[in-house]
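Please look at the model below before reading the questions that follow it.

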Amino acid sequence: MTLLTAQARILVRKEIRQLLRSRGALTTSLILPVIFLVVVPAVQYFSFQSGGTSSGIPGAAPPGLAGLKAGGVVIYYLVPMFTALSGVVMPSVTSLYTIVQERERKTVELLVALPVRLTDIIYAKLAATLLVALGVMLPLFAIQAVGVLVLGAAGPAWVAAELLLLGCAMACSICLSFVLALLARDFRTSQQINGFLIMPILIVVNAVLLLLPAPIKVPVLAVLLLVLGLVTLAVALRRLTFERYLS
Amino acid sequence: MASALAFAEASKRYRNGKLALDSVSFAIDEGARACLLGPNGAGKSTAIRLLEGALAPTGGRVWLLGEEVGTPWYLEARRRTGVVPQGPGMYPDLSAGEYLGYVRRLYGRGDLDAVVEVFGLGDQLRTRMAQLSGGFQRRLTLAGALLGEPELLLLDEPTVGLDPVATRDVHDYLATVMRQRSTLLCTHNLAEAEKLCDEVVILSAGKVLVHKPLAQLRRESRPRLRLAARQGAEAVLAALKTRGLTAEADGEAVVLAANDARAEAPALLRALLAEGLDVYECTPLEASLETMFLEAVEGRRS
């Protein structure tokens, strides 16, 4: 929060209050992470366990899955994939409510009329999105991590790598949200742009998890997502201006 | 006298290539109440956006209360400026009271109770902003603009979209609050500008056409004489034509330009009566802002 100006910090409080009152934003920000971080991994893990599949993947497995037993596939492929997915998707979808709706409803005119900079307005929205995302995701991640550790499915190193992945995925998502803020004029367009930005990332996530060996793939994926986000942000800052948010 | 706001060769070209302001230079003195007029696309809203700091000029410089827009000290000048935006949206998830609370925190000062009382918002503080009537929504934006006890007011079409009763209420509020403050009123409503302002800036196609005190503009505007006769406008027009005078029909009457309407009226009236025209109206007209505005803009176009 100290990275933000005093004006932006006041606006962050406003944004969080509004996010917590928005049924659409809350539903989106709760349902997706609950499904991706808790429900799907648990269902997958227990279905593999109850199926008694203790052998490896039959046939020619991709390098990232080679030598993994059924439980390993869940821990080293499915869970990281859903962690990355929730980290990338949830903040950027939530930002549609804070950033795009403000523009669509023309309430941004009220903000511009106040003694704040346009950068304060946009940074406050991104910060609020990140804080709400952290508030939702970290407890859910803790549930997931405790479950994995209690079941003995993986050790603390895996939990640390997963936490790194979640953090980097969220950072990537915030960078995408920034681009979205400057590009999208309405909710519908923003959803289309969001999909356009997220699809290549999902392909990268799957490619890394399927092609790299288990010990390194999660940290590599985390760094790659962070770099992707930062590159997108750098390109956006070179080609787009904050004034676009008002046009 | 110090300037409340100033533009020096300020230009704004948007990324789509449109030149909204073209080397505009004008200043409004502290304490002056100026209106910014112009046809659609003249650059009025862009000028307001530059003063707000929401847009950066692509050329020239802009000052607000002595601080140049874009400098670190500009934000302090913004805290001394109240802005009423043009037809803003209203939050469906914030109450009027919560909004004013944030406004006060952003300005770092302000007597909320006093502003609420002045604008009669006491019963509306718990109402969600989007659920307020149009009149109360406008009162809320005015209250927000005045909460920080600003020295300068920037008003962008403050009554657009309001019904006549709400418009009158807003005019009454503005007339009161503008008395102690420098003001720039951007409007299409010429009657509103005439009622509230004493200085005029007319923009057209991104350039300043006119910047004068309203009284001076009136003095310089060509006087007019309004004539009406029982025989109708056509008969009066024909009689004037025989004297080499051209006039325009205005309903039942005709209006003609004169060098000195009061001096020329008696002789003209005697002549028309002598010709048998039953003239029942002969009135020197003071130039309205609408007339002066149209003269300026149409003169530019021609």
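Predicted model: local features only at pLDDT ≥ 70, side-chain atom pairs only at ≥ 80, totals over all residues.

Residues are numbered from 1 along each chain as its sequence is written, while chains are lettered from A and ligands numbered from 1 in the order in which they are written.

Q: How many helices and strands does chain A have?
A: Helices (H or I, at least four residues) and strands (E, at least two) are DSSP runs, numbered from the N terminus. Along the sequence, chain A reads α-α-α-α-α-α-α-α. The count is 8 helices and 0 strands.

Q: What is the radius of gyration of chain A?
A: The radius is taken over C-alpha atoms, and the globule rule is 2.2 Å times the number of residues to the power 0.38. For 247 residues that rule gives 18 Å, and the value for chain A is close to this, so the chain is as compact as a globular protein of that length. The radius of gyration of chain A is 19 Å.

Q: What percentage of the residues in chain B is buried?
A: A residue is buried if 20 or more other C-beta atoms lie within 10 Å of its own, exposed if 12 or fewer, and partly exposed in between, with C-beta atoms placed from the backbone. In chain A, buried residues make up 44% of 247. For the 302 residues of chain B, the buried share is 40%.

Q: Which element gives the most residues to the side of chain A that touches chain B?
A: Residues are in contact if their C-beta atoms, placed from the backbone, lie within 7 Å. By this rule 20 residues of chain A are in contact with 21 residues of chain B. On the chain A side, the elements giving two or more residues are α1 (6–21) and α4 (108–112) of chain A. The one that gives the most, with 5 residues, is α1(A).

Q: Which helices do the buried residues of α1(A) pack against?
A: Among the buried residues of α1(A) are Ile10(A), Leu11(A) and Leu19(A). Their partners come from both chains: α3 (96–107) of chain B, and α2 (23–50), α3 (70–104) and α5 (118–151) of chain A.

Q: Which strands stand at the edges of the sheet in chain B?
A: Two strands pair if DSSP finds at least two bridges between them. The open sheet has 6 strands in the order β6-β7-β8-β3-β9-β10 (chain B), with mixed pairing. Each edge strand has a single partner strand, so one side of it is left without a neighbour in the sheet; these are β6 and β10 (207–213) of chain B.

Q: Which residue is the bridge partner of Gly82(B) in β7(B)?
A: Strand β6 (residues 81–84) of chain B is covered on both faces, and Gly82(B) is buried with Val84(B) on one of them. The strand runs parallel to β7 (residues 152–156) of chain B, joined by 4 bridges. The partner of Gly82(B) is Leu153(B).

Q: Which residue in β8(B) does Arg33(B) stand opposite?
A: Strands β3 (residues 33–37) and β8 (residues 182–186) of chain B pair in the parallel sense over 4 bridges. In β8(B), the residue opposite Arg33(B) is Thr183(B).

Technical notes
Contact = placed C-beta atoms within 7 Å.
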